[in-house]
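Subject: Structure for you to look at

Dear colleague,

I am passing on the structure we spoke about, and below it I have written out what was found. Please keep the model open while you read, so that you can look up each residue as it comes.

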Amino acid sequence: MNNHLSDRINNMATSATLAMAAKARELRGQGKDIIGLSLGEPDFNIPDFIKDAAKKAIDENYSSYSPVDGYADLKQAISNKFKRDNNLEYGLNQIVVSTGAKQSLANIAMIMLNKGDEVVLPAPYWVSYSDIVKLAEGVPVEVPTSIDTDFKMTPEQLEAAITPKTKMMWFSSPCNPSGSVYSEEELKGLAEVLKKHPNIYVVSDEIYEHINFRGGHVSIAGIEGMYDRTITVNGVSKAFAMTGWRIGYIGAPEWIAKACTKFQGQNTSGANAIAQRATITALEAPVSKIQFMIDEFHKRRDLVLGLLGEIEGFNLNVPEGAFYVFPDISSFFGKTLNGTKINDASDFALYLLENANVATVTGAAFGNPNCIRISYAASEDELKEAISRIKAVL
């Protein structure tokens, strides 16, 4: 800890997914053959029709500052997308475009939370939720779930977690890291609880909506009574493999969108102009244009579950979306593997990196210390090789 730095930064955790990726890169630099299954990044190239739109935008000289909340025609494309895919009506004044969905989330925390406000996080949750909430001086309240409920929070658990200080609930469906997808019935159950507490707002992170193997994504904002208190967060990094283009967006009540724009105006201003122009083309395309990626992820999920199922000690469920499996590996705790004592999931993930040359992420970073996250956004050959190495060292 550095005394010259702010308490804010000294108290912040480093993103575990990015730290694991950095460690894997470092080992590669030393000549080790590391297979990286730690990052949530599709291994496909961006479809050519989106690249062409970006090139055209450069030729058309989209090089000036963009409006803080995004180009009007991009916001129109987002509005149309919400209507088409989610049956949600968001006007242009309810939409804010940001530098990735991560910035969208940070904006929301900073404009909604006061010191001590509590945010319910069904655990496991995406690694950055907790620190984004803490940065805004909010208090993350973790609700632990287990593999037996497919890592989904029940209405009873939500009710029990609510206190007079509860301001928000944040969740993702399909979920990173568990791949769980909430059904309409399950979301209605949560909504019934929230309706008893009219001052609680919901952040619904839907960035994986298209990578959904059960068919039929449901947005909680579309459930009766929830529209005016839900902020729907999305972006183009997962479905369109546009991770490095950094475009996220929200649909929200107008007063929330306005506050996010005000806050963003003092931070980054508008998102990258070229990426915004390319995003219009991406969002206007029918989902059928990216169906090949979804089909491929589905195939890989089944492959990974089949191979991991052959390893004794891996407790698995069947994730219905995203591109992760989240096995419970607590049966290894207390054991010594090749001279290494395994006390928790962090030890286990480190053991796999150092002995099998496979990078995964500890579930502790996501609020579940019994699991590890394995991303199957890698080629079939890499996945087969990685799991065969894991099997060999266990």
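This is a predicted model: local features need pLDDT of at least 70, side-chain atom pairs count only at pLDDT 80 or more; totals for chains, interfaces and linings use all residues.

Residues are numbered from 1 along each chain as its sequence is written, and side-chain values use heavy atoms, with hydrogens and water left out.

The search for pockets and cavities ran on a 1 Å grid over the protein atoms alone: a cavity is a set of points where a 1.4 Å probe fits but cannot get out, a pocket is an open set with protein on both sides within 12 Å along at least five of seven lines, and lining residues have an atom within 4 Å of a point. Grid points are joined across faces, edges and corners, and a volume is the space filled by probe spheres set on the points.

The largest pocket has a volume of about 540 Å³. Of its 26 lining residues, G40, K102, W126, K238 and R246 are the closest to the centre, and the elements that give two or more residues to this lining are α2 (16-29) and α5 (101-112). Sorted by class, the lining holds 10 nonpolar, 10 polar and 6 charged residues, where Ala, Val, Leu, Ile, Met, Phe, Trp, Tyr, Cys and Pro count as nonpolar, Asp, Glu, Lys and Arg as charged, and the others, Gly among them, as polar.

The second largest pocket, with a volume of about 340 Å³, is lined by 17 residues, of which A13, V127, S128, D131 and I132 lie nearest its centre. Two or more residues of this lining come from each of α5 and α6 (129-135), and α6 gives the most, with 5 residues. The classes here are 9 nonpolar, 5 polar and 3 charged residues.

How many cavities of 30 Å³ or more are there? The count comes to 2. The largest cavity has a volume of about 80 Å³, and among its 13 lining residues P122, P124, S172, C175 and Y182 lie nearest the centre, with β3 (118-123) and β5 (166-172) as the elements that give two or more residues. That lining has 10 nonpolar, 3 polar and no charged residues. The second largest cavity holds about 60 Å³ of space; its lining includes K81, D85, H210 and Y249, and α4 (72-86) and β7 (230-235) each supply at least two of the lining residues.

Lastly, there is a pair of helices to look at. The axes of α11 (residues 291-308) and α13 (residues 380-393) come within 10 Å and cross at roughly 15°, which makes α11 roughly parallel to α13 (angles under 35 degrees count as roughly parallel, over 145 as roughly antiparallel, 65 to 115 as roughly perpendicular and the rest as oblique). Axes are lines fitted to C-alpha atoms, for helices over the stretch in contact, and angles run from 0 to 180 degrees between N-to-C directions. Where the two helices meet, E296, K299, R300, L303, V304, L307 and L308 in α11 touch E380, L383, K384 and I387 in α13, contact meaning heavy atoms within 4.5 Å. By class, this contact has 6 nonpolar, no polar and 5 charged residues.

With best wishes

Key: Helices (H or I, at least four residues) and strands (E, at least two) are DSSP runs, numbered from the N terminus.
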